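Subject: Structure for you to look at

Hello,

Here is the structure I promised to hand over. Please open it beside this email and follow along.

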Amino acid sequence: MKKLVILGAGTAGTIMANRLSPVLDKGEWHITVVDKDETHYYQPGFLFIPFGVYNQQDVIKPKRDYLPSGVELVMSGIELIEPERNRVKLENGKVLEYDLLIIATGSRIHPEETEGMKDGGWHKNIFDFYTIEGSTALANYLKYWEGGKMVVNIVEMPIKCPVAPLEFVFLADWWFTEQGLRNKVDIEFVTPLPGAFTKPRASKYLGDFLDKKGISLVTDFGIERVDSGANKIISYDDKSIDYDLLVTIPTNMGDEVIERSGMGDELNFIPTDPNTLQAKNYENIFVLGDATNLPSSKAGSVAHFQSEVLFENILRFIDKRPLLPEFDGHANCFIESGFGKGILIDFNYDVEPLPGKFPLPGVGPFSLLEETRMNHWGKMMFRWMYWNLLLKGAELPIQAQMNMAGKRQ
Amino acid sequence: MATETMNVTFDADGYLADHNEWNEDLARELAREEGIEELTDMHWKVINFMRKDYIENGAVPTIRRLKKAGGIPTKELYSLFPDGPAKKAARIAGLPKPKGCV
Ligand SMILES: Cc1cc2nc3c(=O)[nH]c(=O)nc-3n(C[C@H](O)[C@H](O)[C@H](O)COP(=O)(O)OP(=O)(O)OC[C@H]3O[C@@H](n4cnc5c(N)ncnc54)[C@H](O)[C@@H]3O)c2cc1C
């Protein structure tokens, strides 16, 4: 019996298990999935929790309900990957040997990477919204906040869902307006990037939005430390910014098991072939989702597009066929812009977000790089799609590769 | 500008089109354009590490990588190359503009 092991049953690991289980011969292959946490979190929902749009119950489901019955699920931390010996050591003492390994251990925030971040103010007037704990604590805080200066700061790139911090300030602007509090709140968006976003056209478009909404933008700010006694963030070049409420997007890193196993870069992301998704240094290891070091967005939609390519490549690898270099960095992100509207961007490694219609060229119903009500519904529908189609590895009406049709240069 | 007389090509972002055309004189000239009058030993340590790392790994090292793999404290990097050290140092080192990851 040959062994396929999938590490991580988050978005990407779950999709791969669902795609591979029905097609791999049960007499030939045994599939094991390992994760330490029984609960599957719909992370895109964390964005909405601080504003009371979703609560905790809206974003959690049992992992087991989303995995196919044909796979063995082992609930344990992963202690060490030993690629030279084709085996994985688990925290429960088990050792799993493998013929083929898929790593989908994702990424997590590390506030302790910034000096002073976890001192006195953590979850008092300093919050993250990238975890269930952070977003629910922030929801509680905002319920009773009477206003002041809210600073939203990205510590360093890359972060998962790179548009989420912008969505957060757009939603905050809307929510404070609804609460009748907007004139008592200053919102400042502080980023290490040279603009509101990374890609030039989208950066300009989204920057104009900040302006329109009266949100100030501070660029090129490399945070060195937080002085939580004085409520200030201080940059490496000694600029300082005051806050009453700090919402931080801390350093994102791959899991420690990657570091322990000596398989990652400085941020514990795994060097991966950008087009085939094979690990750079190991033939029988493949990587997808947030765990890779690729310059594609760390997003659920990207994990989905990657899974289509990886599915083909796993079957090709098993049949000893050359791998297809088909992943093009495709990402598709709805950006919630507040007041029941949204923006959609679609791009890949080479093509930046452009205006147009999506997914049907000229028709839509979604509009690219444009603010519409329909795009907002797309974002809200994403939760249903996530649980019912995406995780199951079902075909979506969107191709894995980016399509130029429907886009305007 | 003096770099124009040096017979090298720049890309649309003003970064050297081919990193093989780089030499130390060009680096001094680019540094002056970036407002750095003199390149000290520490500047050269950064530049040389960046070039070596780029040639070995095919990517312009990030500030975190300069710290962890290159042993250059971030605070010092900011004082050597004020205002956007990663971009400035990459330009002086003759490398492409770093792609702030998406
Ligand atoms: C606030 C926010 C908003 C977002 N919005 C969007 C959006 O609108 N659209 C979108 O497409 N994406 C969005 N994303 C990103 C999306 O959620 C992630 O990119 C996606 O979940 C990545 O999937 P993954 O499988 O790589 O990692 P994850 O889903 O995080 O799964 C990793 C799994 O590995 C397990 N694991 C890790 N290490 C170990 C170990 N040592 N032992 C055992 N188990 C381990 C974890 O328990 C986890 O279950 C958002 C993310 C956040 C935080």
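Below is what was found, topic by topic.

Please keep in mind that this is a predicted model.

**The ligand**

A polar backbone atom of K36(A) is 3.3 Å from a nitrogen atom of the ligand. A backbone N or O atom of K298(A) lies 3.4 Å from a ligand oxygen. For A299(A), a polar backbone atom is 3.3 Å from an oxygen atom of the ligand. Taken alone, the ligand exposes 1,000 Å², and the protein buries 93% of that.

**Y386(A)**

Now move to helix α7 of chain A, where you will find Y386(A). Is Y386(A) buried or exposed? Its relative accessibility is 2%, so it counts as buried. Leave aside its neighbours within four places in sequence. Y386(A) is then in contact with T11(A), H40(A), Y41(A), Y42(A) and L391(A). With H40(A), the contact is polar: the two side chains meet at 2.7 Å. Y42(A) is 344 residues away along the chain, but the C-alpha atoms of Y386(A) and Y42(A) are separated by 8.0 Å.

**Two buried strand residues**

N153(A) sits in strand β12 (residues 148-154) of chain A. Its relative accessible area is 1%, so N153(A) is buried. Beyond its neighbours within four places in sequence, N153(A) is in contact with V190(A), F221(A), I223(A), I233(A), L246(A), V247(A), T248(A) and I249(A). Take I249(A) from that list. It is 96 residues from N153(A) in sequence, yet the two C-alpha atoms are 6.1 Å apart in space.

T32(A) is in strand β2 (residues 29-35) of chain A. At 4% relative accessibility, T32(A) is buried as well.

**An exposed helix residue**

D211(A) belongs to helix α4 (residues 200-212) of chain A. Its relative accessibility is 62%, so D211(A) counts as exposed. D211(A) and V152(A) are 59 residues apart in sequence, and their C-alpha atoms are 15 Å apart.

**Cysteines**

How many disulfides does the structure hold? The count over all chains is zero. Look at C161(A) and C333(A) to see why. The closest cysteine sulfur to that of C161(A) is in C333(A), 5.7 Å away, which is too far for a bond. A disulfide needs the two sulfur atoms within 2.5 Å. The closest cysteine sulfur to that of C333(A) is, in turn, the one in C161(A). C161(A) is partly exposed, at 26% relative accessibility. C333(A) is buried, at 7%.

Most residues other than glycine have a negative phi, and most peptide bonds are trans.

Now for the exceptions. The peptide bond from M157(A) to P158(A) is cis, with omega near 0 degrees. P158(A) lies in the loop between β12 and α3 (164-178) of chain A. The bond from G364(A) to P365(A) is also cis, with omega near 15 degrees. P365(A) lies in strand β24 (residues 364-368) of chain A.

Next come the positive phi values. D220(A) is not a glycine, but its phi is positive, at about 50 degrees. D220(A) is in the loop between β14 (216-218) and β15 (223-227) of chain A. With a relative accessible area of 27%, D220(A) is partly exposed. K320(A), another residue other than glycine, has a positive phi near 55 degrees. K320(A) is found in the loop between α6 and β21 (331-338) of chain A. At 74% relative accessibility, K320(A) counts as exposed.

Best wishes

Methods:
Residues numbered from 1 in each chain as written. Chains lettered and ligands numbered in written order. Predicted model: local features only at pLDDT ≥ 70, side-chain atom pairs only at ≥ 80, totals over all residues. Heavy atoms only, no water. Buried < 20%, exposed > 50% of the residue type's maximum accessible area, 1.4 Å probe, protein only. Helix = DSSP H or I, 4+ residues; strand = E, 2+ residues; numbered from the N terminus. Contact = heavy atoms within 4.5 Å. Polar contact = N/O pair within 3.5 Å; in protein donor to acceptor, adjacent residues only side chain to side chain. Areas by Shrake-Rupley, 256 points an atom, 1.4 Å probe, with all protein chains shown as cover.
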